[in-house]
Structure formats: structure tokens, C-alpha cells
Amino acid sequence: MRFKDYIAVPKQNLYQSLHTTIVGIDGKIFEIQIRTYEMDQIAEYGVAAHWAYKEGKGYSQEAEQVEITNKLKWYKDLITYVENAENSDPLDSIIDDIFSANVYVFTPRGDVFDFPAGATPLDFAYRIHSGIGNKTVGAIVNGKIVPLTYKLQTSDVVEIKTNNASTGPTEAWLKIAHTQHARTKIKNYLNKKKRDELVAKGMQEFEKAAKLANLNISEITEEKIVELFSSRNVKNFEDFYWELGKGSLSVLGSVNRLTGVNDINLSEEALLQQYSEASAAGRQRKSQNGYGIIVDGLDKAHIKIGNCCQPVHGDEVVGYVSRGNGIIVHRVGCPNIKEDDRERLIALSWDPGFSGKVFDTTLKVSSIDRRNGVADMINALNSTKVTISSVTSTKSKTGECITKFKIQVTNLENLHLAIIALHNLPDIYEVERVYK
């Protein structure tokens, strides 16, 4: 139920009444208006009806003049508003106020929720609970089935249909949802779903490789996994499978480390040869190119930095052996590396002592559109060790601002400091590196 008191605060045209809306049987909406006879005359016939109603009731001219002045004060206010409108049509401002106003919708139990104009049933579902939003399969508005793209209107009664067997949100939902709250919940679900898929993929590939190597998975403890792979940010089994699934860890190499293949006793001759090769490799682990990239076994490899993912010094990287263009350096997880390309991938590493090269990369910042927002972002980046090459910013009707910064940075640590500086600003809810 909602309630509006136009008696205490009359409208500009002197309209006075009490309004309330209730939900009746079968979810039907009823609006009730309560006012005196005099108020009803003004509502039906305008302000002049007031004096027609008062005729013959003994008003003095002085009292009547004072009342006229007070009653028509709204007209003076309107004249002042028009004069201060700075050459713009006041009607445009009034229309903007009307169409940018919130809409108020009801649950079947009569609870009221407000949303910005343009909100959809998905926004309603996620406002109720993220669990309801993730299981949404349809919506019923005012007793009729509507698509999820339906734009909610004031006084709509909205009911969300859910199904526990639902596959959950998709990328298309991000275009349907209107509020940032709903979009954030959808993004969180999709990111977790993607991780779960990579974890399952990594587990499947590891189990297959372990079976071929006669490795009993049930005997592998989580402590052993962390001990061997903690340098790759592995803190538990799930992290381990995730790294395998996204290709950051080699499945075969991981199985070999767990089975102790590298610890097999070698003959004296083989040990001397291994020591000689290891010493040579240790002496040669300096980059021979202008990017600080080390390619095992190749001193002067032709290296190119992938423009699609724009890796910087310190990123986890992998090399793609191209046809005629040398080795292309990609960030691990770059979407441009297809499953069929894995046979052409080689391991790369960074020379820790390398410096003097700047790398190009792009940051995408999602924020609420506010005055001086982009200027604050620029100042934040200028306070760190990055150089801004260019800035582009677009604004949506929903109040969202998307800003892209092309920057130059020397290493991943300085890039992380720049991202932290952006996150410390108000109204910024996402900072991400761009894949092309």
C-alpha cells in the first residue's frame, strides 16, 4: 500500500486530496481518493470553483483579496521559473523530470519497490534476492505472462517464476538488466560459472594423465599440492585444477612432479651432462631481445608482443609460434589462443633484471557518471608510475560511464598500483584490462 497527502502539500494548481493505493482480491489494484466537497469542486472545475462555492457566505472584500493572493501564488512562482529558465523551454525540463522519475511496482503481497525508469523483471528479481534472480525463468505482470525485456510501469504487480533446474544467467541478461545492482550480480555468477568450468576441465585432464602414469589420485594430499605448486598461487585443490584448466600449469609436467620423475637416479655420466646443461641454461637466462622475454634454448628468437592482450613485464605469458612472424607473446588465458593452437605454444619467462622498456596496455573503467569523474581518474593515474597515451569516455542513459585509458607502464607491479589508485575513487565499480 502507498499513501500521498496532497492536503498537507497541495499541488501547484491548488489540488488537494488524500490518495492511497491498495491491493485487493486476486491482486487487483484499487486507488482511493479522499477529499472534501470544496476540494472536489476545485479538482473537477479548477481553482475558480473555489470562489463560486464561497459565494453568499459573507466574505469581506479584504479577506477575499488576501485569499486570492495566497491561492494564486503558484502562478507567480511559475512566472519566476520561466524567467530563470536560461532560454530553454521549461516544458522540456518538466518532461525530463517526468520521464526520469522512478517507477513503483508491487509484489503479489503488496510490498512496494522503486526502480529507475526502464527497469525490467530481472531487476525486480535481483532486488528480491540474488538466488531468485539466478533461477528466474519468466515473469507475470498484472496477471499476464511478459518477456524479461518488459519495461516495468508504476502500479504493476510483478511475480517472478523460478525453476531450480534453470541453467542460470547468460551474457544476454547483461543487456536486459537495467540497474547496476542486477548487472553486478549477473557478472559475479558468470565469472564463478566460468571458473567452475575451468576447474572441471582441469580435473578431467589431470585424472586422465594420472591414470596413464599409474598415479593414484586418492593418495595425493592437498598439503603436497600446495608444497609443489604454491609458487603458482595454488592454495588448495580447486586452485590447482583451475590453473590446469586455463593452461597456466602443464598437466603432464604436474603429473611428473607428483610421481617424482625428475628425481630418478641417473648415472654419473648423465648427472654430469645434466649439470653441464643446467649450468649453461643458468648462464644464458638473460633476454637477448628488447622485451625482456626468455625463450629456453633460443638466444635470439624473433619476438613480438601480442596486441590483442597487451602483456606487460611480469604477466604470466605463453609464446605462440606463428607462421612467418616469429614468436607472439600472449597473456595466459588470452581468448585469441584457441584450443587447436596448443601444439604451437611454448613456455616463456621474463628476465627479472630487465628494465628500460615501456609496455602499452589498455584499462576499461566502469563507473557511475558524475561531474569531474573522468578528471579524478586522470589525476589518480598521473599520481602513479604510468603514462596516459589517450582517453575515451562514453556515457549511457542509465547513468553509467565507460572510460578507456591507453597507458604505458614498465611492469605489472606499477600497473597494479595504477588499478588500485582507480579503485580508491568513489563511484567506480570495475577496472579491467582490455582484450581486443
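What share of the contacts in the protein between residues at least 6 apart in sequence join residues at least 24 apart? The share is 55%, where contact means heavy atoms within 4.5 Å. The structure shown above is a predicted model, in which local features need pLDDT of at least 70, side-chain atom pairs count only at pLDDT 80 or more, and totals for chains, interfaces and linings use all residues. Residues are numbered from 1 along each chain as its sequence is written, and side-chain values use heavy atoms, with hydrogens and water left out.

Of the 436 residues, 34% count as buried, that is, under 20% relative accessible area, whereas exposed means over 50% and partly exposed lies in between (1.4 Å probe, protein chains only). The accessible surface comes to about 27000 Å², and 52% of it belongs to carbon and sulfur atoms. These areas come from the Shrake-Rupley method with a 1.4 Å probe, and for residues only the protein chains shown count as cover.

Several helices can now be visited in turn. Helix α1 spans residues 37-45 and contains Q41. With a relative accessibility of 18%, Q41 counts as buried. Q41 and Y15 are 26 residues apart in sequence, yet their C-alpha atoms are 9.8 Å apart in space.

Helix α6 (residues 121-128) is largely enclosed by the rest of the structure, because six of its eight residues are buried. Those residues are P121, L122, D123, F124, A125 and Y126. Y126 also provides a link to N134, a residue of helix α7 (residues 130-134): the side chains of N134 and Y126 are joined by a polar contact of 2.8 Å. A polar contact is a pair of N or O atoms within 3.5 Å; within protein, one must be able to donate a hydrogen and the other to accept it, and residues adjacent in sequence count only if both atoms are side-chain atoms. N134 is itself buried, at a relative accessible area of 16%. Leaving aside residues up to four places away in sequence, N134 touches Y126, S166, G168, P169 and Y189.

Helix α11 covers residues 237-245, and its buried residues are D239, F240, Y241, E243, L244 and G245. They pack against three other helices, namely α9 (180-212), α10 (222-229) and α12 (251-259).

The strands come next. Strands of a sheet pair through backbone hydrogen bonds, either parallel or antiparallel. Here, two strands are said to pair if DSSP finds at least two bridges between them. Strand β4 (residues 103-106) and strand β5 (residues 112-115) pair in the antiparallel sense over four bridges, and F106 stands opposite V112 in β5. This hairpin has five residues between its strands, and G110 takes a positive phi near 95 degrees.

Strand β11 (residues 317-321) pairs with β13 in the antiparallel sense over three bridges, and G319 has I346 of β13 as its bridge partner.

Another open sheet of four strands has the order β16-β17-β15-β18, with antiparallel pairing. At its edges lie β16 (387-395) and β18 (428-433), each pairing on one side only. Its neighbouring strands are turned by 20 degrees against each other on average, direction ignored. Strand β15 (residues 359-368) and β18 form an antiparallel pair over five bridges, in which L363 stands opposite R433 in β18.

Finally, the cysteines deserve a look. The structure holds zero disulfides, a disulfide being a pair of cysteine sulfur atoms within 2.5 Å. For C334, the nearest cysteine sulfur is that of C308, 3.6 Å away. C334 counts as buried at 4% relative accessibility, and C401 is buried with a relative accessible area of 2%.

Terms used: Helix = DSSP H or I, 4+ residues; strand = E, 2+ residues; numbered from the N terminus. Axes fitted to C-alpha atoms, helices over the stretch in contact; angles between N-to-C directions.
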